[in-house]
Amino acid sequence: MSLIPKSHPRAKSLLIRKRLVDGFDCGLVAKEGLLAQGRGEAFDYLLGEETGKAAADAIRAAAAQLLVADMPVISINGNVAALCPRQIIRLAKQINARLEVNLFYADEKRRRAIIKTLRRDGAGEVLGSKAASQRRLPGIDSARGTVDRDGIFVADVIVVPLEDGDRTRALRDAGKKVIAFDLNPLSRTSQTADITIVDNITRAVDLLTRESKKLRGESTENLQKIINNFDNKENLGQSIVQIRENLSRRAKIA
Ligand code: PTJ
């Protein structure tokens with residue numbers, strides 16, 4: 001019997017948390033990944049645990065950006081592998097993106113476990129494991145700076161879910177477009193990315209796949225218009241307002 005009854009008012013959130021804990025137990029998630037989940041949960045709570053208009057707009061811009069990309073890559077870390085591996089694989093197939101495992105707390109055993117999980121769940125090739133293909137991305141001292149020459153190194157658009165902060169700047173300096181998933185609109189990653197989806201990845205990733213499918217037939221010109229009309233700073237401001245409005249609503253009924 002599950003320890004989390006379906007009737008529990010916070011069942012959904014507790015079940016997502018369980019995915020992380022199970023992922024930790026089977027060697028996918030770093031200890032620090034559990035803390036990252038806690039921080040995400042707090043921001044999700046403040047956002048009202050729903051995909052707001054700002055996130056929906058960012059998802060649309062991200063879909064357009066991915067559709068005009070020549071070589072999109074989705075970067076995978078331990079948390080993503082535990083939270084939504086199948087959904088990420090579905091997105092990758094929809095937009096024809098490569099998958100690359102890129103870890104902050106680099107650990108070969110964990111890297112292998114993540115690749116195995118992705119392969120078991122239907123991914124094709126997963127980059128990031130071949131020593132001969134390793135290249136260094138300038139401007140990052142952490143292990144995240146080690147990337148695959150056939151993946152992040154040459155990609156023009158990179159999806160970075162649940163980042164730790166220092167890589168987005170370096171990717172942008174290298175001339176790449178960065179799409180981030182981050183529940184914290186104030187984080188360095190959120191503030192630095194070209195497009196930040198301030199939403200729980202477990203909700204937003206399927207929405208991004210759906211939007212990519214919807215926009216697939218659009219002309220490059222129309223897609224470019226969607227991208228040009230998107231302003232990340234302004235969009236982040238709207239997410240902060242969403243938090244404020246949610247708190248004001250809660251304050252009235254407290
Ligand atoms: O597997 P590794 O070694 O690559 O390490 C991965 C973690 C996540 C531990 C590493 O990247 C890290 O330390 O990240 P941070 O600095 O804790 O940042 C993670 C960000 O993701 C925070 O801003 C969280 O609010 C956000 N976040 C956490 N859970 C979710 C999330 N954003 C979207 N959806 C979530 N479920």
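These legends accompany close-up views of a predicted model.

View 1. The C-alpha trace spans about 60 × 50 × 35 Å along its principal axes. Of the 254 residues, 51% count as buried. Residues 24 or more positions apart account for 66% of them.

**View 2. Helix H1 (residues 11-25) packed with helix H2 (residues 31-47).** The two axes lie 9 Å apart, at an angle of about 170°. Angles over 145 degrees count as roughly antiparallel, so H1 is roughly antiparallel to H2. The crossing of H1 and H2 is right-handed. H1 contributes Ser13, Ile16, Arg17, Leu20, Val21 and Phe24 to the contact. H2 contributes Lys31, Gly33, Leu34, Gln37 and Glu41. By class, the residues of this contact divide into 5 nonpolar, 3 polar and 3 charged.

**View 3. Helix H2 packed with helix H11 (residues 232-253).** Here the angle is about 70° and the axes are 7 Å apart. H2 and H11 are therefore roughly perpendicular to each other. On the H2 side, the contact is made by Phe43, Tyr45, Leu46 and Leu47. On the H11 side, Ser239, Gln242, Ile243, Asn246, Leu247 and Arg250 take part. The contact of H2 with H11 has 6 nonpolar, 3 polar and 1 charged residues.

**View 4. Glu49, in the loop between H2 and helix H3 (53-68).** Most residues other than glycine have a negative phi. Glu49 is not a glycine, yet its phi is positive, at about 50°. Its relative accessible area is 30%, so Glu49 counts as partly exposed.

View 5. Of the 11 residues of H5, 8 are buried, so H5 is largely enclosed by the rest of the structure. The buried residues are Pro85, Gln87, Ile88, Ile89, Leu91, Ala92, Gln94 and Ile95. What covers them includes H3, strand E1 (72-76) and helix H4 (78-83). The cover also includes E2, helix H6 (108-120) and helix H9 (201-215).

View 6. Asn96 follows H5. Its phi is positive, about 60°, although Asn96 is not a glycine. Asn96 is exposed, with a relative accessible area of 66%.

**View 7. Val154, in the loop between strand E5 (146-148) and strand E6 (157-161).** Val154 has 46% relative accessibility and counts as partly exposed. Leaving out residues up to four places away in sequence, Val154 touches Met71, Arg149 and Lys176. Pro72 is 82 residues from Val154 along the chain. The C-alpha atoms of Val154 and Pro72 are separated by 9.3 Å.

**View 8. Gly165, in the loop between E6 and helix H7 (167-173).** Gly165 is buried, with a relative accessible area of 8%. Residues up to four places away in sequence aside, Gly165 touches Arg188 and Thr189. Ala36 is 129 residues from Gly165 along the chain. The C-alpha atoms of Gly165 and Ala36 are separated by 12 Å.

**View 9. Thr192, in helix H8 (residues 188-192).** Thr192 has a relative accessible area of 15%. Buried means under 20%, so Thr192 is buried. Beyond its neighbours within four places in sequence, Thr192 is in contact with Thr168, Arg169 and Arg172.

Key:
Residues are numbered from 1 along each chain as its sequence is written. This is a predicted model: local features need pLDDT of at least 70, side-chain atom pairs count only at pLDDT 80 or more; totals for chains, interfaces and linings use all residues. Side-chain values use heavy atoms; hydrogens and water are left out. Axes are lines fitted to C-alpha atoms, for helices over the stretch in contact, and angles run from 0 to 180 degrees between N-to-C directions. Helices (H or I, at least four residues) and strands (E, at least two) are DSSP runs, numbered from the N terminus. Angles under 35 degrees count as roughly parallel, over 145 as roughly antiparallel, 65 to 115 as roughly perpendicular and the rest as oblique. A crossing is left-handed if the near helix is turned anticlockwise from the far one by less than a right angle, and right-handed if clockwise. Contact means heavy atoms within 4.5 Å. Ala, Val, Leu, Ile, Met, Phe, Trp, Tyr, Cys and Pro count as nonpolar, Asp, Glu, Lys and Arg as charged, and the others, Gly among them, as polar. Buried means under 20% relative accessible area, exposed over 50%, partly exposed in between (1.4 Å probe, protein chains only).
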